[in-house]
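Subject: Structure handover

Hello,

I am passing the structure on to you below. My notes on what was found follow it.

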Amino acid sequence: SSDNSFELKTSAALALSRNLEDGQSRPSLERPRSRTTESETGEVTSISVESPAITIEDPAPPPGEDATPTQQLVTPSPGDETTGPRLFVSRGRSEEETPPVVQPSPQDAATLVRKLRAEEHIQRSALDNLLELTNKRKQGQFARAGGIEALCVILEEGSSDEVKAQAAAIIQAWCVNDDATKSAIGLAGGIYPLTQLVAHGVTERTRGAAAGALAQLAKLDDNQIAITTSGGVANLVGLLESANPSSDAASMSAIALRTLACHSGSWNQQEIVRVGGVGPMCEKLGEGTSKSRDACAAILKRLIGLPSQQVRAEIARSLGVQGFFGGTPSKAKLEAAIERKRRASPTSRRKK
């Protein structure tokens, strides 16, 4: 009868709420009102129990679709005629039937640029937003609004070491696999302040962030010329020599130097030799992270290919290798010595 039917349907709805995934809050059903929908064969396809607090909807799964239940609590928007929040319990429901999730609107690019030109605490907030901005289209909007130039100004005139490090980290992240951004940074004058930050940054973290940005920018030939003429090679060698061997700063400086030495002609290799880079690279070859050791090994192998016996002799002295009768070792012997030192465990060397 009607009372029994009501009790049966209410029990079914309560059982449905108890079968929701563990950890989810369970709806309170006080004085519920039920409504059912039946198919042509008389099978109940949905049960809806309404109260001032919540509505549960659980349509039967279509044949062949996943029957695993999922749930989503949707709060009604202003003006919604529903009496309360709705808890959707779905099995194999199509995207069209899934309640929409409202995404926050992106921050206006021009607003971000204005914040970069404001006081330091406002700059930091804007820089934090830019570090999380990974969408290339939105990065392009920021660049067209004058954002690249604003970042370069912070690199040179930023009021603190921290904001300069943040700006350098953004440039490094945005330049990955993006030649247009690399070119825009170079044209906006960002390379010179980065090379100066490598040498004069207050903290090792800041100097490492600048070296990481140069490692990306150096993948363009025009930027390589600007890095070298700005004193970047000498500053990177200085950072490699002074930084903690296991730090990111040491790794980033070695990687930047490898990019300069291996992605251009011999003129950058000769510049590394001229500024005294052979000794520090041979030293770091045997310590620090695998990234820095691999980078130093790649550079030294390029340097022994230069048509200069003096360079080979300097590398041999730094590695403690001698040729026949005390002469300069062959290229093959030097390469083998480089590999031995690169692969040797720093821990085992300390034990010796």
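Contact here means heavy atoms within 4.5 Å. Helices (H or I, at least four residues) and strands (E, at least two) are DSSP runs, numbered from the N terminus. Buried means under 20% relative accessible area, exposed over 50%, and partly exposed in between (1.4 Å probe, protein chains only).

This is a predicted model, in which local features need pLDDT of at least 70 and side-chain atom pairs count only at pLDDT 80 or more, while totals for chains, interfaces and linings use all residues. Residues are numbered from 1 along each chain as its sequence is written, and side-chain values use heavy atoms, with hydrogens and water left out.

H7 covers residues 179-187, and Thr181, Lys182 and Ile185 are buried in it. Viewed down the axis of H7, these buried residues fall within an arc of 105°, so they line one face of the helix. The arc is that of the directions from the helix axis to the C-beta atoms. The exposed residues Ala180 and Leu187 are on the face turned away from the buried side of H7. An α-helix has 3.6 residues a turn, so residues three or four places apart point the same way.

The loop between H6 and H7 holds Asn177. Its phi is near 55°, a positive value in a residue other than glycine. Most residues other than glycine have a negative phi. Asn177 counts as exposed, because its relative accessibility is 76%.

**Val198 in H8**

Val198 sits in helix H8 (residues 191-200). With a relative accessible area of 2%, Val198 is buried. Leaving out residues up to four places away in sequence, Val198 touches Arg207, Ala210, Ala211, Leu214, Asn235, Leu236 and Leu239. Gly238 is 40 residues from Val198 along the chain, and their C-alpha atoms are separated by 8.8 Å.

**Helix H16**

In helix H16 (residues 309-319), the buried residues are Val311, Arg312, Ile315, Ala316 and Leu319. They cover an arc of only 135° around the axis, which puts them on the same side of H16. Gln310 and Arg317 are exposed on the other side of H16. The buried residues of H16 pack against helix H13 (266-274), helix H14 (278-284), helix H15 (290-303) and helix H17 (331-343). After H16 comes Gly320, which has a positive phi, near 75°.

**Aromatic pair and cysteines**

How many aromatic pairs does a search of the whole structure find? The search finds 1 aromatic pair. Phe142 and Trp174 form this pair, which is edge-to-face, at 5.5 Å centre to centre and 85° between the planes. Phe142 is in helix H4 (residues 136-144) and Trp174 in helix H6 (residues 161-175), so the pair ties together parts that are 32 residues apart in sequence. Both Phe142 and Trp174 are buried. For these pairs, rings of Phe, Tyr and Trp (its six-membered ring) count if their centres lie within 6.5 Å; planes under 30 degrees apart are stacked, over 60 edge-to-face, and the rest tilted.

A search of the whole structure finds 0 disulfides, a disulfide being a pair of cysteine sulfur atoms within 2.5 Å. Cys152 is in no disulfide, and the nearest cysteine sulfur, that of Cys175, is 9.6 Å away. Cys152 counts as buried at 5% relative accessibility, and Cys262 counts as buried at 18%.

**The chain as a whole, and confidence**

The protein chain has 18 helices and 5 strands. Of its 352 residues, 41% count as buried. Among contacts between residues at least 6 apart in sequence, 61% join residues at least 24 apart.

The mean pLDDT of the protein chain is 78, and 67% of its residues reach 70 or more; pLDDT is the predictor's confidence in each residue, from 0 to 100. Where is confidence lowest, and where is it highest? Confidence is lowest in strand E3 (residues 55-57), at a mean of 41, and highest in H8, at 97. Over residues 12-17 the pLDDT is below 50, and this stretch has 11 contacts in the model beyond near neighbours in sequence. Residues 65-106 also stay under 50 in pLDDT, and the model has 72 contacts for them beyond four places in sequence.

Regards
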